Amino acid sequence: MITNDQTQGGERPMREQSMSWETSGGMQMQQNTIQGVPCPKCGTINEPDAMYCASCGALMRMDICPNCGAQIDPEADYCEACHHYIRTDVCSFCGAHLSEFEGYCPECGSPRGGIVCPTCHTMNDFAFCKQCGMPLTEEARQLVAQLKDIPEYKELMSLAREYSELEMRLPYNTERDALRDKECQELRDRILRLLAQDDGIQNPVIPEPKNQRMSKEELTAMKRRKLEQIAEMLDQMSIPPQQSPAKVRNFAMAQKPSGVRLAWRCNYKNAMHSSPCGCAKPQMGGKWIVLGHNSKQEIKDDK
């Protein structure tokens, strides 16, 4: 039999504790709703409907990659964790709308599953090969053809070719190499002069060899200067602002000169990619960075 004392000493305190816990929990939830939502990165309290943290700029909410389950930006079309294109309603090659059952893009005709590069045999989700830079679609080839008429692009390609030629040169390793090369040069000039005199030319003009050898220090300085000129030209060739990630990727890849080691520094995370094909939000912009031959800068690769 339960006495009044037992009821007062047992059930009532338990009921009061339960009510106290519910009341405090409800008050805490209400307080969180009023104050806002804490940032998952820095803990700053933000407005309940905020997409980005007002303090550190981090995303307040993330989506999940359907391919690997990694957290991704809700506006991203590419997963940087598993390196797969994840949008099913937008053509990755030209940015046109795709319906659920279309295997080929109605605008550019590209297959939904990707294109194998005919040069290096890499599978690609985008209009330019991420490995060798080959244009893979008709739109990409037309874009490259249009850029060839731009003076800055012509200058950029010329500088890239000159740098590639410097990369092929063999410098002097020792003073003996320099002396031997000088003797060969004198012998070459003498033979060309005698041949010209046999043809009746008394004072022939002997052309200089196309690729003159030089010391390792001189060659290194020339290559460094050429890379600086390429970097200056790339700075002048900014990427036009675009809302379509596909358009930004295509324009940036069409600008990329061959023979020079570059990286794409994106504005999305300020990360270094081997190309904009590895960036989840290239529409936020970015630029090509010259790395050179022996650069040890870390690249967030997109293999």
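1. Lys269 is partly exposed in this predicted model. Its relative accessibility is 47%. The side chain forms a salt bridge with Glu80, with the closest N and O atoms 3.6 Å apart. Glu80 has a relative accessible area of 10%, so it counts as buried.

2. Lys226 and Glu162 also pair across distant parts of the chain. Their side chains meet in a salt bridge, at 2.7 Å from N to O. Lys226 belongs to helix H5 and Glu162 to helix H3, 64 residues apart. Glu162 is partly exposed, at 31%.

3. Arg141 and Glu138 pair within one helix. The side chains meet in a salt bridge, at 3.5 Å from N to O. Both residues lie in helix H2; because they are 3 residues apart, about one helical turn separates them. Arg141 is partly exposed, with a relative accessible area of 40%. Glu138 is partly exposed at 47%.

4. The salt-bridge count comes to 13. Beyond the pairs above, note a network of salt bridges that links Asp73, Glu75 and Lys281. Side chains of opposite charge can pair when their charged atoms come close.

5. The largest nonpolar core has 47 residues. Those with the most contacts inside this core are Phe128, Leu156, Ile230, Leu234, Val260, Trp288 and Val290. Helices H2 (138–147), H3 (151–168), H5 (216–236) and H6 (245–255) are among the elements that give two or more residues. So are strands E9 (262–266) and E11 (286–290). Helix H3 supplies the largest share, 6 residues.

6. Which residues does Leu156 touch, leaving aside neighbours within four places in sequence? Leu156 is in contact with Ile230, Met233, Leu234, Met237, Gln255 and Pro257. Of these partners, Ile230 and Leu234 are also listed with the most contacts inside the largest core.

7. A second core is separate and has 5 residues. Its members include Cys65, Cys79, Cys82 and Ile86.

Conventions: Residues numbered from 1 in each chain as written. Predicted model: local features only at pLDDT ≥ 70, side-chain atom pairs only at ≥ 80, totals over all residues. Heavy atoms only, no water. Core = buried A, V, L, I, M, F, W, Y, C linked by side-chain atoms within 4.5 Å. Buried < 20%, exposed > 50% of the residue type's maximum accessible area, 1.4 Å probe, protein only. Helix = DSSP H or I, 4+ residues; strand = E, 2+ residues; numbered from the N terminus. Contact = heavy atoms within 4.5 Å. Salt bridge = Lys/Arg side-chain N within 4 Å of Asp/Glu carboxyl O.
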